[in-house]
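Here's a quick briefing to read alongside the sequence and the model. Have both open as you go.

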Amino acid sequence: MSDTHDPSRPEIAESPSPTDARIGLGVEELKRSFLDSLICGLGRVPAVATRNDLYTALALAVRDRVLARGVQTIESFGARDARAVAYLSAEFLPGPHLANHLLNLGITEQARQALAELGHDLDALIEQEEEPGLGNGGLGRLASCYLDSMATLGVPAIGYGIRYEFGIFDQVIQDGWQVEITDKWLRLGNPWEIVHPEIAHEVGFGGRTEAGSDAEGRYRVRWIPHTVVKGVACDTPILGYRGAACNPLRLWKAEAVESFDFAAFNHGDYYRAVEDKVASENITKVLYPNDEHMEGKVLRLQQQYFFVSCSLQDMIRIHRLLKRPLEKFHEKWAIQLNDTHPAIAVAELMRLLLDAHGMDWDTAWHVTRHTFAYTNHTLLPEALEKWAVRLLDQLLPRHMEIIYEINRRFLFEVQGRFPGDDARLARMSLIDERGGRYVRMANLATVGSHRVNGVARLHSDLLRQTVMRDFAELWPEKFCNVTNGVTPRRFVAVSNPPLARLITSRIGEGWLGDLGRLRELEAFADDSEFQAHWREVKLQAKRGLAALVRRRVGVDLDPSSLFDIQAKRLHEYKRQHLNVLHILTLYLRLKRDRHADEPARTFLFGAKAAPGYFMAKLIIRLINAVADVVGNDPDTRDRLKVVFFPDYNVKNAQHVYPAADLSEQISTAGKEASGTGNMKFALNGALTIGTLDGANVEIREEVGAENFFLFGLTADEVRERKARGYLPGSIYEQNETLREVVDFIASGALAKGDARLFRPIVDNLLWEDPFLVLADYQAYVDCQRHVSALWRDPGAWTKKAILNVARMGKFSSDRSIRDYCETVWDVPVV
């Protein structure tokens, strides 16, 4: 789309002079800066520079321009003495930076021309960039969308997290099975990162505490850690749209306080000479270590505490640098806990205020509770994080003491409100006394925060009614909703430039910064010429994805077929196996009648399964088995294609979202907190088939019920069905079509006669079916018939696709951040 200036975007500070050779935005300045970076920055001879050399040189040239705005932002926010947001998240999935920065600077076409004049292709260099795999899925991508929007809206903010040396694994498929490969995202360096060795904080683990009195006779506790590591700040600039502001993503890298023991080396003990260095760096070595064993649990808790402590110490450093009293810390910092991973921050801030800065308990607790807010992301009880008291006591003894004291005071308050209700006390206690003793991190986050929010209206309602019901009854004013959103800059303008250009050609500039303006597209929904352009844009995206699939998977796809896509983390509640049951229903129908009236469909899956999640990995194996059978059957291969697209991540998603005709959002109602993939698909013109789960409810309200394929039980009906005693086997017995499909899987026909391979899936569905796949099967199959019928009418389908995009304005992450600013953080938007 056009990169001309958008006057609707606020400017934090004046842009640098375009005649400045170092940070100018013209073609000649970009050429000079690119060559300077290549020759003087990298020492490369242009004639023999590799593609990665060229990419790095361009990234450094663009980074100069981004950092110039970062300095302006710091100066501007400092002059305003503004309250800042600190977004604490164990995951960030920013995606590749180059194309996003070019868009936000408004220089994509200038860069393209500059490189072309030097004989290089911009798109090839954009494709060269390695994705930072610093997250597992939606949680990390949401955090990155929010950083983008905070910078776009001029909100003073810092994102705090962990600089994992090895991120989320790279996924390859071998013999149909997922195989995890180490993600060496830093192997070629990271030109966007600025390491600040001068910004470092020490973090302790283990040891003991000593109680005593200070010089004024006040009770004090001193923690004497057994080991200490150092956290070093590594900053990545996050630029807002049109350079509105530039905020840092500050990730912490663990290092040894003393990396080399010279005395040990001189005595010939070469391993001990570097032992501390190796042990310390392990903390930030890998994203989410396998925590099935105790060593993994210890490392994961170390990671969480490490980044939380570094971040809080850093905020206090900045606060004192600005000569602000710590008693007013909460007036200048709003800290958002993104899920329970950073929840230990409640105890750590108390420790810092009490022990390091000599504050009394009541003042410290007032500051702490008015600083933190907590976002809950799950209703699954097993996903609400808990840590063994024994482990916490061993690793963080002082924090365990503080948690006990918080709990004692909190339960006294609960007892005063609900006298004699011992069951309520047991449920609300920070310590779960059942079986082993565990610290409930969601409870700690809730008690230590002034706001608790869900991430979709249904999720927030269920949160108050189920897992947080006791707390909502105690503090109803504490709970609120902020429905998730996504940034249209990355997921339309960067991912789908032809669609962005088409939209701009009809409604003009400005909609990327004010997504509500998409409503203006409604006027063109019945315009046959506009519909034709729309279909051409979609076909172009499908051809692009088909070419990528051919290169990566070796499967040929028909771009004219209906692209039916389910791309999200693999989990049973997301019900990829329900999708498989429908595919096999179509396959067996076509086997019985090759002339059955079924439009050609391409089913594409993208998903990673947690390495230790057996059932999820078996479902991936099932998908690949179905793909193999369907794709090699001469009776069906021209009508049905199934492909598993490996290593689904942000970079690959940018090819997938634009190409989808149908978006599969089919989780069990009441299980998905919100979802954001549903929003990204809809923003790119896909129609949704889904349940009333998560943000699907609000998407359907916005786009119109007639433009959404709805099926399945509601959350209330799911609970009622389970309460009555759910018997999935009876559904299997009564539904002949379903029985044929399940029996086909059980027969071994998908596994070269091995009836045992998929038996765990079959048995799970027939005897447990915890996510009611069989209960929703017939409704899903019936709804898919409506999808097929509409697909046969291109005009009607296209109109609905246009209306979907036109009515997605609510789901911008800009709107989400405005909601946080108004209802949670009390931070003004510029």
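What follows covers a helix and a sheet, topic by topic.

This is a predicted model, in which local features need pLDDT of at least 70, side-chain atom pairs count only at pLDDT 80 or more, and totals for chains, interfaces and linings use all residues. Residues are numbered from 1 along each chain as its sequence is written, and side-chain values use heavy atoms, with hydrogens and water left out.

**Helix α3**
- Helices (H or I, at least four residues) and strands (E, at least two) are DSSP runs, numbered from the N terminus.
- Eight of the eight residues of α3 (98-105) are buried, so this helix is largely enclosed by the rest of the structure; buried means under 20% relative accessible area, with a 1.4 Å probe and protein chains only.
- Among those buried residues are Leu98, His101 and Leu105.
- Their cover includes α2 (51-80), α6 (138-152) and β8 (227-239), counting contact as heavy atoms within 4.5 Å.

- Six strands make an open, parallel sheet in the order β19-β18-β17-β20-β21-β22; two strands pair if DSSP finds at least two bridges between them.
- β19 (640-644) and β22 (709-710) stand at the edges with a single partner strand each, so one side of each has no neighbour in the sheet.
- β18 (601-606) is joined to β19 by five bridges, and Phe603 has Val642 as its bridge partner in β19.

**Helices across the sheet**
- α22 (576-592) lies across β17, β18, β19 and β20, at about 155° to β18; axes are lines fitted to C-alpha atoms, for helices over the stretch in contact, and angles run from 0 to 180 degrees between N-to-C directions.
- α32 (794-806) lies across β17, β20, β21 and β22, at about 85° to β21.

Terms used:
Buried means under 20% relative accessible area, exposed over 50%, partly exposed in between (1.4 Å probe, protein chains only).
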